[in-house]
Amino acid sequence: LCSLLSLPDLQSLGMCPPITFFRALRFHTASLQIHSTVFGVAAATGHTVVLVDQTEDILAKSRRGIEESLRRMAKKKFAENPKAGAEFVEKTLGSISTSTDAAAVVHSTDLVVEAIVENLAVKNDLFKRLDKFAAEHTIFASNTSSLQITSIANATTRQDRFAGLHFFNPVPMMKLVEVIKIPMTSQKTFESLVDFSKALGKHPVSCKDTPGFIVNRLLVPYLMEAIRLHERGDASKEDIDVAMKLGAGYPMGPFELLDYVGLDTTKFIVDGWHELDVKDPMFQPSPALNKLVAEKKFGKKSGEGFYKYK
């Protein structure tokens, strides 16, 4: 990562300060999968990673999740050489350390990627504290998928070194990363994050700080319209899914995708957008979605959503 942030003094010493990831327990299952595998991918591409969380138990669980993801990756990558695969996993895990003390580790990092609970006040509190201890050159990035990056960056004194870095699940397979540039983000910061994304083997795309960025801004209204189509009785959820797979070539139908992403996650995003613009018809709440979430039927992770899972 040093080369991305132009730290010649550290490069000459062969040293590379770590990437620090902050993750909280209060996450939807799909989000946990994303954030744990982001750490693994970063470590697997030669970056030193410090994973920060609230307790040692949570960190141990995250590390186990990362190890499982790495073993799946190694099984495919080193199918003909299991020994090399085992060495790859061991080496990658050796690049990951953990901590529950954010202030103690952030001072030596080049890049902080935050992936905590989708709550603006909580994010602002974290970044405000980190801002006091981080080095002058350290870049802050949020992996939020539903909150405005500008509103988070404003909690710090480094708006020029702040941006969004949005990954997609499953991270080892999904090549896309959305790099969100707010008006205050410097070109140097933006280019550093683009380079970092490429170093992870990803394809970065740029977007302004608009609700949902690119993918979710197009995807979520599509999912919500599928629910409304079903709510009106125009078509069954099964036929809607089949129609979009066979007619549009999508790998999953909208209801299958909703259950995979998590109905609570979708509701959270839609509710947030609705607060920003209560008149926008695309952001209107869905009675069917609200009912399922109230019944704790979140999709695959809970065993039932629009469909039932054994």
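1. Arginine 161 counts as buried, at 14% relative accessibility; buried means under 20% relative accessible area, exposed over 50%, and partly exposed in between (1.4 Å probe, protein chains only). The model is predicted: local features need pLDDT of at least 70, side-chain atom pairs count only at pLDDT 80 or more, and totals for chains, interfaces and linings use all residues. Residues are numbered from 1 along each chain as its sequence is written, and side-chain values use heavy atoms, leaving out hydrogens and water.

2. Arginine 161 forms a salt bridge with glutamate 136, their closest N and O atoms being 3.5 Å apart (a side-chain nitrogen of Lys or Arg within 4 Å of a carboxyl oxygen of Asp or Glu). This pair links distant parts of the chain, 25 residues apart: arginine 161 lies in the loop between helix H8 (149-153) and strand E6 (162-167), and glutamate 136 in the loop between H7 and strand E5 (139-142). Helices (H or I, at least four residues) and strands (E, at least two) are DSSP runs, numbered from the N terminus. Glutamate 136 is exposed, at 63% relative accessibility.

3. Within helix H7 (residues 120-133), arginine 129 and aspartate 125 lie 4 residues apart, about one turn of the helix. They form a salt bridge, with the closest N and O atoms 3.5 Å apart. Arginine 129 is partly exposed at 41%, and aspartate 125 is partly exposed at 43%.

4. For the whole structure, a search finds 17 salt bridges. The protein has 14 helices and 8 strands, and 49% of its 310 residues count as buried.
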